[in-house]
Amino acid sequence: MAVPTVAAMFAHPITEETTGPEAAELRPLEPWQAAEFQEHVRRAVGHFEPWLPWAAPVAADLAEAEAFLRKYATGQAEDIRRIYGIWLGGRLAGGLLFRRFEVAAGVCEIGVWLEPEAGGRGLVTKAARVLIDWALRVRGLSRVEWQTVPGNVASQAVAKRLGMTLDGTLRSAFPYRGTRHDVQVWSLLRDEFPEQGL
Ligand SMILES: CC(C)(COP(=O)(O)OP(=O)(O)OC[C@H]1O[C@@H](n2cnc3c(N)ncnc32)[C@H](O)[C@@H]1OP(=O)(O)O)[C@@H](O)C(=O)NCCC(=O)NCCS
């Protein structure tokens, strides 16, 4: 009996195309994929590094890449963190994470990244909707947060597309690369989440 080729055991399509270079899937991203993750971050480290503190260490060191994914794997087991990749045309092109997943408080925070070549297709927005739907509807959380620095207009555009509201700005809350940055906090509440999804 012929055994079908399985590209991924668990994959959630986020485009209408399911094969070919424009087919995109959301999949778990696990420690065994550290080398693929590192290669992906390396390809776009200049794009990620201004906004994501983990990007440069991951790009520089495979052990950092594996440690980062392992932190999320143990976090998933503890139900406090999760990470997913976006594969476009079979290549890891971006990802999303629940940086915090606080079941008792009913609050989670989503973070995102995408190689520039995969941009402009709405992949992050579509994938974030899958995470939000799961957090609010399946897990019953009440609030999804999105944090960004005021200079990151691409990130703010995603938050707006997701229907989030800017709650406010934490002044001088984020020390990074020798400068203290303000942090915008955006959120979406369960009551604001339509029955049919976003
Ligand atoms: C933030 C980041 C992920 C946004 O990427 P992005 O490609 O702009 O986001 P999306 O995948 O949602 O795509 C949106 C674009 O696709 C377009 N688009 C096409 N079809 C779409 C659809 N069906 N739905 C939504 N947008 C769609 C939008 O118009 C938008 O294009 P524009 O930028 O020309 O206005 C990316 O800029 C990035 O990786 N930045 C570096 C890391 C970072 O800052 N992460 C966030 C830290 S807080």
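Strand S4 (residues 91-102) and strand S5 are paired in the antiparallel sense over eight bridges, where strands (E, at least two residues) and helices (H or I, at least four) are DSSP runs numbered from the N terminus and pairing requires at least two DSSP bridges between two strands. The structure is a predicted model, in which local features need pLDDT of at least 70 and side-chain atom pairs count only at pLDDT 80 or more, while totals for chains, interfaces and linings use all residues. Residues are numbered from 1 along each chain as its sequence is written, and side-chain values use heavy atoms, with hydrogens and water left out.

Two residues separate S3 and S4 in their hairpin, and glycine 89 in the turn has a positive phi of about 55 degrees. The eight strands form an open sheet of mixed pairing in the order S1-S2-S3-S4-S5-S6-S8-S7. Strand S1 (12-13) and strand S7 (165-176) stand at the edges with a single partner strand each, so one side of each is left without a neighbour in the sheet.

Helix H5 (residues 123-138) has 16 residues and reaches 22 Å from first to last C-alpha, close to the expected 22 Å, the expected span being 1.5 Å times one less than the number of residues. Buried residues (under 20% relative accessible area, 1.4 Å probe, protein chains only) of H5 include Leu123, Val124, Leu131 and Leu136. Glycine 140, which follows H5, has a positive phi near 75 degrees.

The largest pocket has a volume of about 1100 Å³. Of its 42 lining residues, Trp51, Leu52, Val112, Asn152 and Ser155 are the closest to the centre. Strand S5 (residues 107-114) gives the most to this lining, with six residues. A pocket is an open set of points on a 1 Å grid over the protein atoms alone, where a 1.4 Å probe fits, with protein on both sides within 12 Å along at least five of seven lines; lining residues have an atom within 4 Å of a point. Volume is the space filled by probe spheres set on the points, which are joined across faces, edges and corners.

The second largest pocket holds about 240 Å³. Its 13 lining residues include His12, Leu26, Tyr84, Val130 and Leu131, the closest to its centre. Strand S2 (24-28), strand S3 (82-88) and H5 each supply at least two residues of this lining.

Definitions and conventions: Buried means under 20% relative accessible area, exposed over 50%, partly exposed in between (1.4 Å probe, protein chains only).
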